[in-house]
Amino acid sequence: CTATQPALTSRREYLTGRLLLDGIDNAIEIVGNDAQVQSLFSALERVEVRGLDHLDQRVGWNAIADRIAQQDCVLAIVNTRRDALNLHAMVGALGGKDECIHLSALMCAEHRSAVIKDIRTRLQDRASQRAAGGSPRPLRVISTQLVEAGVDLDFPMVFRALAGLDSIAQAAGRCNREGRLEGKGVVEVFNPEGARPFGSMAQGINAAMDLVQSGGVADPLAP
């Protein structure tokens with residue numbers, strides 16, 4: 001099964017009631033009752049999501065770049081390839097081009113694989129240098145959402161441009177992934193200035209905004 005569970009319950013056509021999917025209904029949580037599920041979730045909780053109470057405030061890209069450049073090891077995920085290119089240039093100008101890595105679907109598959117391998121190596125080097133009491137080289141990665149699925153990376157802090165709650169949860173999967181931090185990793189969600197994406201991504205953003213502002217979700221990672 002995938003980490004993000006698909007909808008497997010039965011579905012019927014709204015008007016006619018015709019069965020569209022003979023699914024799995026009345027499923028029972030194998031971990032236990034609600035209290036046991038919550039207890040296990042709390043024990044394994046590795047990430048704190050911030051910024052959901054400020055989503056009505058649009059943030060300038062310069063301000064975002066400045067905050068990212070102040071971090072020693074950080075991943076920033078944005079919604080479009082153009083945003084990734086522009087933010088990469090801004091952060092590189094503030095914190096050093098060699099310390100800032102760009103990752104998006106503008107790159108061919110082989111190039112992306114090579115860059116991801118380099119990121120993993122630099123993360124491992126940072127861990128070794130910290131363990132030896134050294135001062136690790138800064139690492140700042142600016143990526144599109146391609147990093148959210150099937151890419152095993154572990155950062156102490158992740159910035160995520162406003163997206164659907166499912167995307168925010170996927171971004172959180174790249175933060176404190178191995179649970180090596182003494183405290184929790186931080187996922188900072190921000191609502192960037194400028195035009196928003198179109199299509200399904202825009203629908204996800206609108207749905208997330210509606211849920212958060214209505215008080216329908218306090219923690220997007222909760223069971």
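Ala, Val, Leu, Ile, Met, Phe, Trp, Tyr, Cys and Pro are taken here as nonpolar, Asp, Glu, Lys and Arg as charged, and the others, Gly among them, as polar. The model is predicted, with local features needing pLDDT of at least 70 and side-chain atom pairs pLDDT 80 or more, while totals for chains, interfaces and linings use all residues. Numbering starts from 1 along each chain as its sequence is written, and side-chain values rest on heavy atoms, leaving out hydrogens and water.

Sorted that way, the lining of the second largest pocket splits into seven nonpolar, two polar and seven charged residues. Leu123, Ala127, Asp154, Glu178 and Arg180 lie nearest the centre of this pocket. Helix H4 (residues 109–131) gives the largest share of the lining, six residues; helices (H or I, at least four residues) and strands (E, at least two) are DSSP runs, numbered from the N terminus.

Now to strand E8 (residues 157–161), where five of five residues are buried, that is, under 20% relative accessible area with a 1.4 Å probe, protein chains only. Met157, Phe159 and Ala161 point one way from E8, and Val158 and Arg160 the other. Strand E5 (residues 73–77) runs parallel to E8, joined by three bridges, and Leu75 stands opposite Val158. E8 also pairs with E9 in the parallel sense, over five bridges; pairing takes at least two bridges found by DSSP.

Conventions
On a 1 Å grid over the protein atoms alone, a cavity is a set of points where a 1.4 Å probe fits but cannot get out, and a pocket is an open set with protein on both sides within 12 Å along at least five of seven lines; lining residues have an atom within 4 Å of a point. Buried means under 20% relative accessible area, exposed over 50%, partly exposed in between (1.4 Å probe, protein chains only).
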